Amino acid sequence: MHGSQQRIESVSVTGPQVEYELPAKAVILCAGGFQASTEMRARYLGPNADLMKVRGSKHDTGEVLQMALALGAKSAGHWQGAHATPVDTTFPDVEVSNNANRYSYMFGITVNTLGTRFFDEGEAEHSYTYAKTGWAVLGQPGGVAYQIFDQKGLPLLIANRYVHATPTEAPTIDELARKLGLEPAVLQHTVEEFNNAVPDSPPLDPTKPDGRATVGVQPKKSNWAMKIDQPPFCAYPVTCGITFTFGGVEINTHGQVVNTGGQPIRGLFASGDIMGLFYHNYPSCSGQTRNLVFGMIAGKSAANSLHGW
């Protein structure tokens with residue numbers, strides 16, 4: 001950064017054996033968010049965020065984002081928010097593969113370690129809810145929950161994901177609870193209460209929100225309510241997996257990073273997770289759309305800036 005004009009002139013590089021500088025009239029920041037930093041997750045994302053599994057790269061630890069802010073870049077986005085999904089508890093803590101995804105919660109019920117339900121499993125298609133459902137799981141005791149299905153729900157699961165899991169199976173809810181380490185009476189009550197709230201109509205339609213909602217139970221299940229009554233019953237343990245953080249730097253319509261005074265920092269552009277863009281929730285694939293759109297804008301603007309733009 002150069003003087004009061006706030007212009008990028010070079011990038012300092014620390015290598016294994018030497019430090020050096022690369023002269024640069026334009027720099028595009030594409031270094032990701034801070035999802036792989038345990039310390040930053042704890043600082044910004046709240047209780048138990050340091051316990052999240054990391055679905056993405058172990059290198060997304062926020063150093064470049066912090067350097068940009070220290071240089072005077074303006075922050076933007078939801079700094080206490082992140083894309084966080086339900087993933088298998090048995091997978092590694094970092095760089096969790098998509099095989100750990102457990103996104104078919106719409107076709108069963110999810111209970112915490114106390115044996116009770118805690119969110120609307122049928123609010124909408126998983127594409128609109130999966131990125132916040134990990135948060136719901138993280139907020140439960142121990143940050144762990146169990147997705148429970150009967151033989152009607154199992155054929156509806158996203159097979160290419162659940163095939164990589166080994167469920168706990170039992171012929172009765174009582175035995176399933178004991179295998180999971182849950183209080184059998186509580187889980188039995190949860191299932192019975194849920195089953196009694198499932199209506200006979202409209203008919204189940206797993207291809208779209210069908211309005212088949214529970215009545216008289218909290219939390220409500222808004223769609224795809226089916227009784228859990230056909231054994232054997234299966235349970236999949238899930239926890240929270242973070243994909244990327246929502247807090248980042250602010251950019252203008254040219255992809256330029258702006259300073260805290262709202263003025264563009266000359267020569268500095270950004271795209272991807274390091275941008276602050278999302279708030280609260282995230283519809284599926286909108287992150288990749290963001291990357292495509294703003295990557296093209298930042299690249300074109302950076303090239304134009306080399307010619308006096």
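Colleague: Ground rule before we start: buried means under 20% relative accessible area, exposed means over 50%, and partly exposed is in between. What is the relative accessible area of K179?

Modeller: This is a predicted model, to be clear. K179 has a relative accessible area of 47%, so it counts as partly exposed.

Colleague: Which residue does the K179 side chain meet in a salt bridge?

Modeller: E175. The N to O distance is 3.7 Å.

Colleague: How are K179 and E175 placed in helix α5?

Modeller: Helix α5 covers residues 173–180. K179 and E175 are four residues apart in it, which means about one helical turn separates them. E175 is partly exposed, at 32% relative accessible area.

Colleague: Which residues do salt bridges with shared partners join into a network?

Modeller: D150, K152 and D229 form one such network.

Colleague: How many salt bridges does the count come to?

Modeller: It comes to 11. One of them links E121 and R117, with the closest N and O atoms 2.7 Å apart.

Colleague: Are E121 and R117 buried or exposed?

Modeller: Both are buried.

Colleague: Let's switch to strands. How many residues of β10 are buried?

Modeller: 13 of the 13. That is why β10 is largely enclosed by the rest of the structure. The strand covers residues 233–245.

Colleague: In which sense does β6 pair with β10?

Modeller: Antiparallel, over seven bridges. Strand β6 is residues 82–88. Its A82 has T245 as bridge partner in β10.

Colleague: What about β4 and β10? Parallel or antiparallel?

Modeller: Those two run parallel, joined by two bridges. Strand β4 is residues 53–54. K53 is bridged to G241 in β10.

Colleague: How many bridges pair β9 with β10?

Modeller: Three, in the antiparallel sense. Strand β9 is residues 168–170. There, T168 has A235 of β10 as its bridge partner.

Colleague: Now β8. How many bridges join β8 to β10?

Modeller: Five, and the two strands run antiparallel. Two of the pairs can be named. Y146 is bridged to P237 in β10. Q147 is bridged to Y236 in β10.

Colleague: Which other strand pairs with β8 in the antiparallel sense, over four bridges?

Modeller: Strand β7, residues 109–112. V111 stands opposite Y146 of β8.

Colleague: Why is β8 largely enclosed by the rest of the structure?

Modeller: Because five of its five residues, 145–149, are buried.

Colleague: Which side chains of β8 point which way?

Modeller: A145, Q147 and F149 point one way. Y146 and I148 point the other way. All of them are buried.

Colleague: Different sheet now. What is the order of the open sheet of three strands?

Modeller: The order is β3-β13-β12, with mixed pairing. Strands β3 (27–29) and β12 (256–258) stand at the edges. Each has a single partner strand, so one side of each is left without a neighbour in the sheet.

Colleague: By how much are neighbouring strands of this sheet turned against each other?

Modeller: By 55° on average, direction ignored.

Colleague: In which sense do β3 and β13 pair?

Modeller: Parallel, over three bridges. Strand β13 is residues 264–270. I28 has F269 of β13 as its bridge partner.

Colleague: Which helix lies across β3 and β13?

Modeller: Helix α7, residues 286–305. Its direction is at about 140° to β13.

Colleague: Last one. Where is K208 found?

Modeller: In the loop between α6 (184–196) and β10. K208 counts as partly exposed, because its relative accessibility is 46%.

Colleague: And how far is K208 from N223 in space?

Modeller: 8.9 Å, C-alpha to C-alpha. In sequence, K208 and N223 are 15 residues apart.

Terms used
Residues numbered from 1 in each chain as written. Predicted model: local features only at pLDDT ≥ 70, side-chain atom pairs only at ≥ 80, totals over all residues. Heavy atoms only, no water. Buried < 20%, exposed > 50% of the residue type's maximum accessible area, 1.4 Å probe, protein only. Pairing = 2+ DSSP bridges. Axes fitted to C-alpha atoms, helices over the stretch in contact; angles between N-to-C directions. Contact = heavy atoms within 4.5 Å. Salt bridge = Lys/Arg side-chain N within 4 Å of Asp/Glu carboxyl O.
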